[in-house]
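Visitor: I'm new to this one. Could you walk me through how to read it?

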Amino acid sequence: MKDIPEKVLEIIKSRGIGEEELEEFLSPKPKLAYDPFLLSNMREGADLLLKNADEGKNIVIYGDYDVDGITSTALLMKVLSCLTDKISYYIPSRIDEGYGLHKDAIDRIKAGGGEFIVTVDCGSVSREETEYAHSLGIETLVTDHHNISDVVASGIVINPRLPEDGYPFKGLAGVGVAYKLALAIARERDIPGALMAEIIELATVGTIADIMPMLDENRTLVKVGLRSMHLGCRNKGLRELIDRSSLDYRTIKASDISYGIAPKINASGRMGDATLGVRLLLSEDESEIRDCCNELLAANRERRRLQDEAFEKGLSIVGDEMKKGDFLMLEINDSHEGVLGIVAGRIREQVNRPVVVVSLGDGNYKGTGRSIRGVDMFSMLDKYRYDFISFGGHSAACGFTIAADKMERLKENLNKDLAEKNKEEPDLFEFSYDFDACIDSDDIDIDLAEALEMLEPCGKENELPMFLVRNAEVSNWRFLKDGEKMAKFAIRTSDGRYIDSVIFSGAGDAYEELSRGPVDIIGNIEKNVWRDEARVQLVARYIVPGGSI
């Protein structure tokens with residue numbers, strides 16, 4: 001490892017990667033992967049699924065409407081279509097049905113001739129619903145990755161978070177669990193190798209989009225999936241979407257999927273019809289793929305417009321809500337429900353408080369929340385789980401439905417609980433500028449940018465390395481589109497070089513600081529390729545007065 005710059009080695013070691021793990025962590029062809037049959041109930045679940053396929057039963061894959069659920073659904077559809085033509089899928093409407101397994105949906109599946117339901121990315125706590133399906137003569141197999149409390153679905157459940165599960169890695173996405181089921185099936189049946197290579201691309205997209213830890217087995221899965229994309233991208237719909245997003249499949253990174261691909265697939269579920277995303281990933285027809293891409297891009301544009309409107313409305317009531325406590329419940333009733341989770345996340349970034357955006361309809365509130373570091377939102381809400389009509393999520397994000405007459409009490413209880421936690425942890429809401437290392441502008445060059453690529457894929461728990469440049473001299477400032485949101489600029493080094501730099505959010509506020517003199521900049525260092533020429537670029541996240549960090 002002598003070719004790794006000392007600055008990069010320091011970052012790797014600071015993340016707890018020891019000498020014995022270093023080779024695997026940095027390897028372009030990692031080998032860390034676990035036997036799918038180490039997952040509790042995998043053997044029984046795979047056998048039951050194959051039995052139903054062999055008997056010609058009508059199998060329905062029941063997914064979720066986010067990217068994890070959409071990719072999971074497409075993945076199992078592709079694999080099971082090799083075994084039976086009696087296979088279909090059902091994804092509930094985010095707007096009309098909400099997250100999870102529903103009795104009404106089960107009735108529709110029954111009416112359509114469904115005989116066996118396989119859930120992906122949902123269903124772990126759906127005891128009533130699975131029992132209801134069984135009462136109608138429909139068998140179930142639940143595959144999921146969400147947290148489980150004391151209520152577990154009836155029948156076979158495959159979830160690494162089951163209390164008794166001994167699987168070595170708990171951080172799989174829903175599509176990771178679905179992929180493991182596909183691997184188990186491939187042990188028993190002849191599934192084409194080309195298809196198994198294609199579905200790992202879908203598993204990669206879902207894992208990145210669901211913000212799963214970019215460590216351990218996920219790191220292997222994503223590296224292999226990205227490499228498959230670089231070699232041509234076997235999934236035709238995904239490749240077309242990459243092209244239409246002005247990205248290059250030959251060099252696509254995890255961050256490109258996070259910010260350039262996932263939001264577009266997600267837009268289908270957010271704006272009403274998640275089956276659009278599934279159709280894109282399943283189609284082999286070029287005309288249908290183009291049409292699906294057109295619809296996804298249009299849905300994403302509309303999503304962004306509605307999201308910006310709701311964000312402004314939410315910001316306008318933050319002050320009043322903060323007078324009531326630090327667990328913010330923002331009621332936004334006249335905005336599209338599909339964008340409220342994103343709005344909650346953006347407002348959380350502004351105020352550094354847990355935020356739930358709620359909307360009222362038919363006597364119930366639907367809520368979508370995003371939390372901050374140090375506050376486990378799932379645990380806080382799970383304390384009141386018997387008040388909810390439906391509830392699910394994890395530590396960083398949750399969704400629920402609750403009767404309107406119970407909302408005020410829930411607010412009061414959560415604010416009280418959070419206030420007690422803040423007493424124990426006085427710095428809970430203090431904003432901190434996180435960075436991995438200080439760096440002199442003279443040391444920023446293309447060699448460092450290329451060395452940092454060894455840490456890829458970056459994501460949760462292996463974040464993109466952030467550097468602090470103190471007292472930077474900025475020149476050539478130029479605002480880009482969207483008013484004063486984004487800008488390009490340059491940082492001057494002591495030897496007269498100029499480092500290309502860009503900021504994608506808050507450029508207007510940052511520009512005001514430049515008039516006061518040198519600034520401190522926190523950002524990541526990357527290689528930017530334009531017309532086959534590679535140059536180093538600093539992507540700024542924060543620009544603040546010089547000497548303030």
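Visitor: Which residues have the most contacts inside the largest nonpolar core?

Guide: Bear in mind that we're looking at a predicted model. A nonpolar core is a set of buried nonpolar residues joined through their side chains. Here the largest one has 75 residues, and L49, L75 and M229 have the most contacts inside it. Apart from that core lies another, of 37 residues, which includes A449, F467, V469 and I491.

Visitor: What does M229 touch, leaving out residues up to four places away in sequence?

Guide: With those neighbours left out, M229 touches E201, T204, V205, L238, I242, Y249, I252 and I257.

Visitor: Let's zoom out. How many helices and strands are in the chain?

Guide: You'll find 18 helices and 16 strands.

Visitor: And how do I judge the overall fold, say from the radius of gyration?

Guide: Compare it with what a compact globule would have. For 549 residues that would be near 24 Å, and the chain has 24 Å, so the two agree. Along its principal axes, the C-alpha trace spans about 75 × 55 × 45 Å. As for burial, 52% of the 549 residues count as buried.

Visitor: What share of the contacts comes from residues 24 or more positions apart?

Guide: Take the contacts with a separation of 6 or more: residues 24 or more positions apart account for 66% of them.

Visitor: What about the charges: how many positive and negative side chains are there?

Guide: There are 68 positive and 97 negative side chains, and the centres of the two sets lie 2 Å apart.

Visitor: Where is D256 found?

Guide: D256 is in α11, which runs over residues 254–270. With a relative accessible area of 21%, D256 is partly exposed. Leaving out residues up to four places away in sequence, D256 touches L247, T251 and I261.

Terms used
Residues are numbered from 1 along each chain as its sequence is written. This is a predicted model: local features need pLDDT of at least 70, side-chain atom pairs count only at pLDDT 80 or more; totals for chains, interfaces and linings use all residues. Side-chain values use heavy atoms; hydrogens and water are left out. Helices (H or I, at least four residues) and strands (E, at least two) are DSSP runs, numbered from the N terminus. The radius of gyration is taken over C-alpha atoms; the globule rule is 2.2 Å times the number of residues to the power 0.38. Buried means under 20% relative accessible area, exposed over 50%, partly exposed in between (1.4 Å probe, protein chains only). Contact means heavy atoms within 4.5 Å. Lys and Arg count as positive and Asp and Glu as negative; His and the chain ends are not counted. The place of a charge is taken as NZ of Lys, CZ of Arg, CG of Asp or CD of Glu. A nonpolar core is a set of buried Ala, Val, Leu, Ile, Met, Phe, Trp, Tyr and Cys residues joined through side-chain atoms within 4.5 Å.
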